[in-house]
Amino acid sequence: MAAVLTAGAVGCRESGSDAVGSGGAESGGDEPGGGEKPGADGVGKDGRAPEPVWTRTTSAQTYGDNDELVAAGGVVIASGDPLAALDAASGKEQWSLKDGAVPGAPMLLDNGTLYLASAKYDGSVAGYDPASGKETWRSHLGKDYRQPAPIAVDDEQVYVIAEILEDDGSSRTNLIAALNSRTGRLAWKEQRDFGTEQNGVHAHVEGRHLVYTDFKKNLTVRDTATGKQVWTHRTTKTNYGFFAVHKDLVIVPQGPTLQAFSLADGSVKWSVETAESYIAFKEPAVLDDVLYIADSDRTMRALDPRTGQKIWESEALAEAHLTVPRQYVKVGGVLYAATDLDKQGGVIAIDAKTGAVRWRFNDKSGDYHAWLVATDGTHVFALHGRKLHALPV
């Protein structure tokens, strides 16, 4: 599909311009849920949500990022202090770690290791076995850098952003670096432009490309082997960093426009528009080679991520007066979509082949935090504030 390039020119530097866009987990026992006893397929009667398998009050301290809730190694972990892992089947605490993670910082999983920025603020990045909580890896950038936080990980390296310290202890610049995921040794480091920030960065690794966005409307790709910048665009809108990657494409919502850029050179490969200019695309997700995305008018779409061509379009969210989803996981033929706070939000089960709404779960707590979801393939874990629910799938 032809498209007009609306981002900044390829090859420019990522900008630091100020023009920005808009004690352990408590066991608590089982608590009331927001549905009814599920049938054999985990779906309540008459389209009502299933009852949670378990509900626990946790030490969670989240800011709404997708990687603040993870499930691996038979446990589910929500970012908080202490960092606590709950058994996926029963909700019982398996281990906890004091000063384990910086609240709001990403928790990254790769090769059976959970990578965290240390909440001791000692300049360390550490790796843990998610099943046991035992430390398996540690790295330290050095005394000249402060608060390194992992932003992405692949089979070879852990990518971090850290503040560069001045002689007086202040910091006005930051760097991006790669740490060897076996030895912890520094592979490379590159200083980012003056005015860029170390907060608000979302990143993904695809092959030789490290792609990330930030609150300064930068969309940047670097070479994972050298750290050298391949290209940077200034996007026309900001979506607070959430984007999707599929093979050689990075797919970025920019208000009423959804664009796919080539990871190799930043050229636009396809573009899709909403029905009206005031309707904005929300956060996308590519799951099982299908791109799912909703817009602010509550139209849900499934697209071919290679071409942007429509697979299906659904008005079911609007017809049910539900809130727009912002995060998705998929199990079998069902999408489980998490929303921001709203009495018509929560976790929505959506038919992945048609967009039809199957049910909605809400704990009716009124908590102001956004919902987050994760899955181990057997349960869908729904975090809302400090309440963590395990829903059957």
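Predicted model: local features only at pLDDT ≥ 70, side-chain atom pairs only at ≥ 80, totals over all residues.
Biologist: How many residues lie between S14 and S15 in their hairpin?

Modeller: Strand S14 covers residues 202–206, and strand S15 covers residues 209–213. They run antiparallel and are joined by five bridges. Gly 207 sits in the turn, with a positive phi of about 65 degrees. The number of residues between the two strands is two.

Biologist: Which residue in S15 is the bridge partner of Glu 206?

Modeller: S14 and S15 run antiparallel. Glu 206 has its bridge partner in S15, and that partner is His 209.

Biologist: Is Ser 262 buried or exposed?

Modeller: Ser 262 belongs to strand S20, residues 257–262. Its relative accessibility is 7%. Buried means under 20%. Therefore Ser 262 counts as buried.

Biologist: With which side chain does the side chain of Ser 262 make a polar contact?

Modeller: Leave aside neighbours within four places in sequence, and Ser 262 is in contact with Trp 231, Asp 248, Leu 249, Ser 267 and Lys 269. The polar contact of its side chain is at 3.3 Å, and the partner is the side chain of Asp 265.

Biologist: What is the bridge partner of Val 334 in S28?

Modeller: Strand S27 spans residues 334–339, and strand S28 spans residues 347–351. They pair in the antiparallel sense over five bridges. In S28, the partner of Val 334 is Asp 351.

Technical notes: Residues numbered from 1 in each chain as written. Heavy atoms only, no water. Pairing = 2+ DSSP bridges. Helix = DSSP H or I, 4+ residues; strand = E, 2+ residues; numbered from the N terminus. Buried < 20%, exposed > 50% of the residue type's maximum accessible area, 1.4 Å probe, protein only. Polar contact = N/O pair within 3.5 Å; in protein donor to acceptor, adjacent residues only side chain to side chain. Contact = heavy atoms within 4.5 Å.
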